[in-house]
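Colleague: I have a few things to ask about this one. Can you put it up?

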Amino acid sequence: MTDALRTHVLHLTTGSSETVTDLTGECASFLRDAAGGRDGLLNIFVPHATAGIAILETGAGSDDDLLAALGDLLPADDRWRHRHGSPGHGRDHVLPALVPPHATLPVIGGRLELGTWQSVCLVDTNRDNPHRGVRLSFLG
């Protein structure tokens with residue numbers, strides 16, 4: 001494999017409640033080694049049918065606001081045709097249409113180019129699967 005593409009999988013436990021998990025530190029750590037000070041792109045991908053990647057402010061309530069908005073848009077009730085798992089689990093399978101399972105971000109000088117208040121986050125509403133893998137891929 002060439003140095004132009006480097007990849008790593010983060011293994012996370014999200015627990016048994018809906019969560020927004022900040023991955024910015026893990027992304028920065030990966031890039032310190034993988035990018036070696038180069039410019040390029042970081043792709044973040046969650047290979048799960050019930051989770052997504054979002055770029056948003058964390059720690060000031062936006063993460064809780066996102067979960068509340070998703071609860072309003074995708075209520076955990078019995079309206080969903082997809083019915084295995086806990087009640088309302090079908091909505092977890094609709095989540096990636098609203099919060100995509102990937103993001104591609106610029107890397108400048110080996111550092112993630114985010115706005116002042118932006119963070120890279122895993123959004124997981126699936127209480128049935130607490131174990132997630134998130135693939136980080138640097139192309140540069």
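Modeller: One term to begin with: buried means under 20% relative accessible area, exposed over 50%, and partly exposed in between, with a 1.4 Å probe and protein chains only. This is a predicted model, where local features need pLDDT of at least 70 and side-chain atom pairs count only at pLDDT 80 or more, while totals for chains, interfaces and linings use all residues. Residues are numbered from 1 along each chain as its sequence is written, and side-chain values use heavy atoms, leaving out hydrogens and water.

Colleague: Is L5 buried, partly exposed or exposed?

Modeller: L5 is partly exposed, because its relative accessible area is 36%. The residue lies in strand β1, residues 5-13 (strands are DSSP runs of E with at least two residues, helices runs of H or I with at least four, numbered from the N terminus).

Colleague: Which residues make the nonpolar surface patch?

Modeller: L5, L41 and L139, giving about 250 Å². Patches take residues with over 30% relative accessible area and no salt bridge, joining nonpolar side chains (Val, Leu, Ile, Met, Phe, Trp, Tyr) within 5 Å and like charges within 9 Å. Areas come from the Shrake-Rupley method with a 1.4 Å probe, and for residues only the protein chains shown count as cover.

Colleague: How many salt bridges are there in the whole structure?

Modeller: Six, counting a side-chain nitrogen of Lys or Arg within 4 Å of a carboxyl oxygen of Asp or Glu. In one of them R6 meets D33 at 3.0 Å, N to O. That pair links distant parts of the chain, with R6 in strand β1 and D33 in helix α1, 27 residues apart.

Colleague: And how exposed is D33?

Modeller: D33 is exposed, at 53% relative accessible area, whereas R6 is partly exposed at 24%.

Colleague: What about E18 and R127?

Modeller: Their side chains form a salt bridge at 3.9 Å, N to O. E18 sits in the loop between β1 and β2, R127 in the loop between β7 and β8, 109 residues apart.

Colleague: Different topic. What lines the largest pocket?

Modeller: T24, A28, L31, R32, G110, R111, L112, E113 and L114. A pocket is an open set of points on a 1 Å grid where a 1.4 Å probe fits, with protein on both sides within 12 Å along at least five of seven lines; lining residues have an atom within 4 Å of a point.

Colleague: Which element gives the largest share of that lining?

Modeller: α1, with four residues.
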